[in-house]
Amino acid sequence: QVQLIESGGGLVQTGDSLRLSCAGSGRTFSGSIMGWFRQAPGKLRRFVATINWTGGVTNYADSVKGRFTISLDTATNTVYLHMNSVKPEDTAVYYCAVDTPEGDGWDYWGQGTQVTVSS
């Protein structure tokens with residue numbers, strides 16, 4: 001059974017830093033693309049960042065570019081989201097997801113971790 005377990009969310013203040021983790025298990029993720037998404041209350045789930053498994057190619061939403069960094073530890077199948085200079089508008093449930101080589105789109109999702117940024 002494939003699992004993605006997020007952790008690291010919490011309540012922080014504007015300008016603080018936070019690191020989210022997502023540990024994958026249950027299959028090999030080699031060749032996959034790992035991603036972070038977020039969903040604010042009453043809003044649609046939106047892309048935040050992705051990272052390519054082999055080449056470390058990254059992509060970011062404009063709203064987080066320069067503040068957030070996605071990284072990957074292939075030895076532990078763990079993807080991280082380093083969040084710096086957080087803002088109240090970063091408040092959301094953050095989800096990690098995996099796009100496998102044989103799949104069609106984002107094949108697996110974590111359960112989400114809440115990040116709340118107070119002003």
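Ser-119 sits in the segment after strand β11, which covers residues 113–118; strands here are DSSP runs of E with at least two residues, helices are runs of H or I with at least four, and both are numbered from the N terminus. What you see is a predicted model, in which local features need pLDDT of at least 70, side-chain atom pairs count only at pLDDT 80 or more, and totals for chains, interfaces and linings use all residues. Residues are numbered from 1 along each chain as its sequence is written, and side-chain values use heavy atoms, with hydrogens and water left out.

Back to Ser-119. This residue is exposed, at a relative accessible area of 87%. The cut-offs are under 20% for buried, over 50% for exposed and partly exposed in between, with a 1.4 Å probe and protein chains only. Leaving aside residues up to four places away in sequence, Ser-119 touches Thr-14 and Pro-88, where contact means heavy atoms within 4.5 Å. Asp-107 is 12 residues away along the chain, and its C-alpha atom is 35 Å from that of Ser-119.

Next, the disulfide. How many does a search of the whole structure find? The answer is one, taking a disulfide as a pair of cysteine sulfur atoms within 2.5 Å. The partners are Cys-22 and Cys-96, with 1.9 Å between their sulfur atoms. Cys-22 belongs to strand β3, residues 18–25, and Cys-96 to strand β9, residues 92–99, so the bond ties together parts that are 74 residues apart in sequence. The S-S torsion is about 45°, and therefore the disulfide is right-handed. Cys-22 counts as buried at 0% relative accessibility, and Cys-96 counts as buried at 1%.

Now the chain as a whole. There are 11 strands and zero helices. The radius of gyration is 14 Å, close to the 14 Å from the globule rule for 119 residues, so the chain is as compact as a globular protein of that length. That radius is taken over C-alpha atoms, and the rule is 2.2 Å times the number of residues to the power 0.38. Along the principal axes, the C-alpha trace spans about 40 × 25 × 25 Å.

Of the 119 residues, 40% count as buried. Among contacts with a separation of 6 or more, 53% come from residues 24 or more positions apart.

Last, charge. The chain carries 9 positive and 10 negative side chains, and the centres of the two sets are 7 Å apart. Lys and Arg count as positive, Asp and Glu as negative, while His and the chain ends are not counted. Each charge is placed at NZ of Lys, CZ of Arg, CG of Asp or CD of Glu.
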